[in-house]
Amino acid sequence: MRVLGVNGWPGASHDGAACLVVDGEVVALTEEERFTRNKHAYGEAPLNAAAHCLAEGGFTLDDIDVVAHGWDLPKLFGDRGLDWFADAAAALEHLLPKALFPRSRDPRLTFVNHHIAHAASAYHLSGRDRGAILVLDGQGEDVSTTLAVGIDGEIKTLRSHTPGWSLGYFYAAVCEYAGLGADAAGKMMGLASYGTPQDLTFGGALDFTDEDFTVGVVPPDLRSTGSTDEETATIRHWLRHLEKVLPDAPNRSVRRFDPRVGRYTKVTDRDPFEYRDIAATAQAALERAVMALVRGLLRESGETTLLVAGGVGFNATLNGKLMRMPEVQDLFVQPLAGDQGVSLGAAVWCAAQEGDRIRPMEGSVAWGPQWDADAIRRVLEASGTAYTEPADIAAATADVLAAGGVAGWFQGRAEGGPRALGHRSMVAVPNPEGTRDRVNVRIKDREAWRPFAPSMQEEAAEALIGTTTPLPYMIVTTPVTEAGAAVMPAVVHSDRTTRPQTVSAEVDPLYHRLIGEVGGHTGTPVVLNTSFNGRDEPVVCSPRDALATFHRLPMDALAIGPFLVRRPDGAVGEAGA
């Protein structure tokens with residue numbers, strides 16, 4: 001069966017994406033933002049993403065059996081009294097117009113419940129026959145939390161929470177209060193490690209039991225009118241309450257024209273770092289609520305395997321706590337946990353319903369676009385960029401890093417999700433500690449307190465992070481050993497944890513070899529790895545993106561396919577100084 005999974009809807013969505021699943025195997029997946037260069041692709045249909053996936057499979061829409069959307073949009077619009085289309089043909093034309101997707105026939109268009117799509121992405125791709133499933137995000141059609149169980153290919157929902165009691169919206173409200181912006185959960189997770197938790201109830205707004213939580217400041221039956229979600233209303237309830245109970249006033253922001261960058265940028269009244277205790281409190285409250293949910297879910301389901309998806313699943317600190325709960329013997333967090341992942345979840349759910357056996361994830365989400373050496377060479381020459389073609393790109397790049405340089409690493413198929421995993425990465429030696437400040441402040445132009453993560457050969461993981469458990473997706477935090485703290489201080493958070501990626505020679509041989517070559521210089525096969533992008537922009541996708549970002553940011557080198565590009569003056573470790 002051929003299924004094109006999608007997320008995104010014209011004018012009313014975020015994180016548009018497309019995925020092609022053929023006979024239960026993921027053939028391609030990519031996100032719309034990578035093509036349009038608009039981070040999160042707000043309001044954009046997944047036109048470029050869908051076109052890429054079809055091209056990767058060698059198909060047109062005529063060859064597709066089902067287009068599966070990761071939201072039940074007819075129900076969502078109908079329940080809220082909003083206009084919907086007269087039939088599936090009109091809806092499909094709105095999503096994937098024939099002018100861009102010529103076809104002689106329409107595939108079947110299926111709308112999958114949002115949380116079922118999230119749950120399917122975690123269950124069917126986990127490789128487990130059974131497990132308890134936890135979905136946490138802002139909200140789906142009419143729920144924000146779903147507790148379910150997957151057994152023998154079927155998903156059964158046990159219970160849920162309504163949108164007003166969304167932990168995702170609670171966390172977003174605190175992000176907004178701190179001046180980070182409501183869509184900056186990753187930033188606040190990093191900031192939290194510098195603070196000290198205070199009142200986890202936020203003045204009685206949250207109440208915790210051993211197996212659940214309640215919210216006292218948002219009506220559980222909150223329903224917005226004229227809108228497809230409760231985000232704005234829920235966050236407004238929280239902000240009003242936070243102003244009453246927190247000692248610090250909200251960190252208000254305005255947009256001002258910045259001549260330095262030539263555009264309007266957000267400016268806050270205070271440095272968000274001053275809100276680190278509030279961030280730490282929100283993080284601790286989130287962890288307490290979710291761990292209570294997990295205890296109840298595992299008791300009710302009788303399972304010891306936990307499968308997680310939904311945007312809150314990107315909270316690596318929380319995931320690390322879940323992994324270390326005594327009740328959790330096995331944890332799988334779907335690495336495309338946000339709404340880009342429901343394109344994948346909708347596709348595999350439909351395929352499984354039709355009897356296809358789903359091939360699980362095997363340590364990589366590199367299902368995106370790629371360019372061969374000839375195509376990359378043509379881009380380099382057309383741009384007038386000087387380059388060399390070393391005999392061994394991994395060894396040549398390791399030489400740059402060992403000399404103190406920071407390099408872009410653009411290799412193979414682009415990975416999905418917000419975290420670069422060795423295909424569209426920016427890499428450096430994670431020692432000395434000052435490397436973190438250089439990459440944060442001078443190169444990526446972001447807050448100095450933002451943490452970085454290490455990519456390490458899996459053979460070195462026990463020595464550096466004290467575990468041999470494969471952690472290929474950079475989606476959980478772990479404590480760092482004494483030896484690890486000594487050799488990779490630039491990627492150790494203030495709470496003595498890190499968010500590791502363990503790299504397998506079998507799954508990603510070239511990246512594994514780069515890390516090994518670095519280890520040949522430093523004695524430890526580990527690199528600092530961050531996404532290859534500038535501030536507030538998507539991860540690079542194409543060779544042109546990579547070149548533009550390299551020339552704009554003060555990096556030292558770019559390893560793009562088999563080619564190495566250096567700064568014209570050849571000054572390694574000095575760019576941006």
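This is a predicted model: local features need pLDDT of at least 70, side-chain atom pairs count only at pLDDT 80 or more; totals for chains, interfaces and linings use all residues.
Reader: Where do I start with nonpolar side chains, and which residues have the most contacts inside the largest nonpolar core?

Author: In soluble globular proteins, nonpolar side chains tend to be buried together. Here the largest nonpolar core has 137 residues. Trp238 and Leu344 have the most contacts inside it. Helix α9 (residues 276–301) gives the largest share, 12 residues. Apart from this core lies another, of 27 residues, with Ala50 and Leu76 among them.

Reader: Which residues does Trp238 touch?

Author: Leaving out residues up to four places away in sequence, Trp238 touches Phe170, Ala173, Ala205, Leu206, Val215, Val217 and Val218.

Reader: Now the charges. How many salt bridges does a search of the whole structure find?

Author: Side chains of opposite charge can pair when their charged atoms come close. The search finds 34 salt bridges. Take Arg37 and Asp545, whose side chains meet at 3.8 Å, N to O. Arg37 lies in the loop between α1 and α2, and Asp545 in helix α18, so the pair ties together parts 508 residues apart in sequence.

Reader: Is Asp545 buried or exposed?

Author: Asp545 counts as buried because its relative accessibility is 16%, under the 20% cut-off. Arg37, at 26%, counts as partly exposed.

Reader: What about Asp556 and Arg438?

Author: Their side chains meet in a salt bridge at 2.9 Å, N to O. Asp556 sits in the loop between α18 and β22, Arg438 in helix α14, 118 residues apart. Asp556 is buried at 2% relative accessibility, and Arg438 is buried at 10%.

Reader: Which residues are linked in a network of salt bridges?

Author: Lys187, Glu447, Arg450, Arg535 and Asp536 are linked that way.

Terms used: Residues are numbered from 1 along each chain as its sequence is written. Side-chain values use heavy atoms; hydrogens and water are left out. A nonpolar core is a set of buried Ala, Val, Leu, Ile, Met, Phe, Trp, Tyr and Cys residues joined through side-chain atoms within 4.5 Å. Buried means under 20% relative accessible area, exposed over 50%, partly exposed in between (1.4 Å probe, protein chains only). Helices (H or I, at least four residues) and strands (E, at least two) are DSSP runs, numbered from the N terminus. Contact means heavy atoms within 4.5 Å. A salt bridge is a side-chain nitrogen of Lys or Arg within 4 Å of a carboxyl oxygen of Asp or Glu.
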